[in-house]
Amino acid sequence: MIAAIVSFLVMLNPFALFLYLKPIMQDLSERDFRSVFLKASTISFCIYLVFLLFGDLVFQKVFSINFESFRIFGGIVLFSFAYIFIVQGKKAFIQIKGDLHDLASEIALPFMVGAGTISLTVLMSEQLQLWQGVVALVLIMLINYLIIMGLKQMRRTMRSKSFQIAFDKIMELLLRINGFFLGAIGVDMITTGITNLMRAAG
């Protein structure tokens with residue numbers, strides 16, 4: 001379960017999310033941002049829970065899609081994100097535009113819920129017992145929330161503009177480093193999906 005939580009957090013990438021949300025943090029009050037991000041986390045958790053409960057059934061029965069195909073696609077998307085994180089850094093992110101009520105869903109999709117995290121959720125449904133998967137998802141969303149809010153508080157306590165700039169550069173460096181791990185996970189998903197498809201065909 002610990003390995004699943006760590007892999008999920010690497011894929012969720014709270015450092016990237018922090019940089020992406022920085023313009024919103026500056027535009028919203030502390031209370032409004034906390035409320036919006038909590039709603040986004042709740043929306044993401046509910047989506048993950050659906051895939052945890054129904055797992056591969058969603059792909060095979062509802063969409064008639066082989067999960068291995070989705071795993072390969074998710075790996076390609078993750079590899080693409082990793083490349084953007086490493087090469088472009090925070091320039092890869094744009095400012096969210098919309099009213100307060102739309103922000104939560106715009107944050108949740110596609111930046112907290114994507115092909116990679118959905119793939120991991122389905123894998124968790126196969127590798128963990130149901131209660132372990134639910135506990136893991138709760139811990140993942142809680143840790144991610146605490147990291148974002150902790151980084152926000154840490155940056156806010158810095159009075160000097162130069163310290164804030166240095167802090168943002170450190171976050172961007174962590175974002176790029178995280179991109180290497182994200183890319184490795186993406187490649188592993190692609191190779192695993194191809195291998196499983198070849199075994200099924202053979």
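Predicted model: local features only at pLDDT ≥ 70, side-chain atom pairs only at ≥ 80, totals over all residues.
Ground rules. Local features need pLDDT of at least 70, side-chain atom pairs count only at pLDDT 80 or more, and totals for chains, interfaces and linings use all residues. Residues are numbered from 1 along each chain as its sequence is written, and side-chain values use heavy atoms, with hydrogens and water left out.

Start with H3 and H8. H3 is residues 30–54 and H8 is residues 130–156; helices are DSSP runs of H or I, at least four residues, numbered from the N terminus. Their axes come within 10 Å and cross at roughly 160°. Axes are lines fitted to C-alpha atoms over the stretch in contact, with angles from 0 to 180 degrees between N-to-C directions. So H3 is roughly antiparallel to H8, a label for angles over 145 degrees. The crossing is right-handed, meaning the near helix is turned clockwise from the far one by less than a right angle. Who makes the contact (heavy atoms within 4.5 Å)? From H3, the residues include Phe 33, Phe 37 and Phe 45; from H8, they include Leu 137, Met 141 and Tyr 145. By class, the contact has 16 nonpolar, four polar and four charged residues. Nonpolar is Ala, Val, Leu, Ile, Met, Phe, Trp, Tyr, Cys and Pro; charged is Asp, Glu, Lys and Arg; the others, Gly among them, are polar.

Next, H2 on H8. H2 spans residues 14–27, and packs on H8 at about 55°, axes 10 Å apart. The two are therefore oblique to each other, the class left after under 35 degrees (roughly parallel), over 145 and 65 to 115 (roughly perpendicular). This crossing is right-handed as well. H2 brings Phe 15, Phe 18 and Leu 21, among others, and H8 residues include Ile 147, Ile 148 and Leu 151. The count is nine nonpolar, two polar and three charged.

Third, H8 and H9. The axes come within 10 Å and cross at roughly 155°. That makes H8 roughly antiparallel to H9. Leu 151, Met 154 and Arg 155 of H8 meet Gln 164, Phe 167, Asp 168 and Met 171 of H9. Four are nonpolar, one is polar and two are charged.

Last, the second largest pocket. A pocket is an open set of points on a 1 Å grid over the protein atoms alone, for a 1.4 Å probe, with protein on both sides within 12 Å along at least five of seven lines. Its lining is 15 residues, each with an atom within 4 Å of a point. Ser 7, Leu 120, Leu 123, Gln 127 and Asp 188 lie nearest the centre. H1 (2–12), H7 (115–127) and H9 (161–201) each supply at least two lining residues.

Definitions and conventions
Contact = heavy atoms within 4.5 Å.
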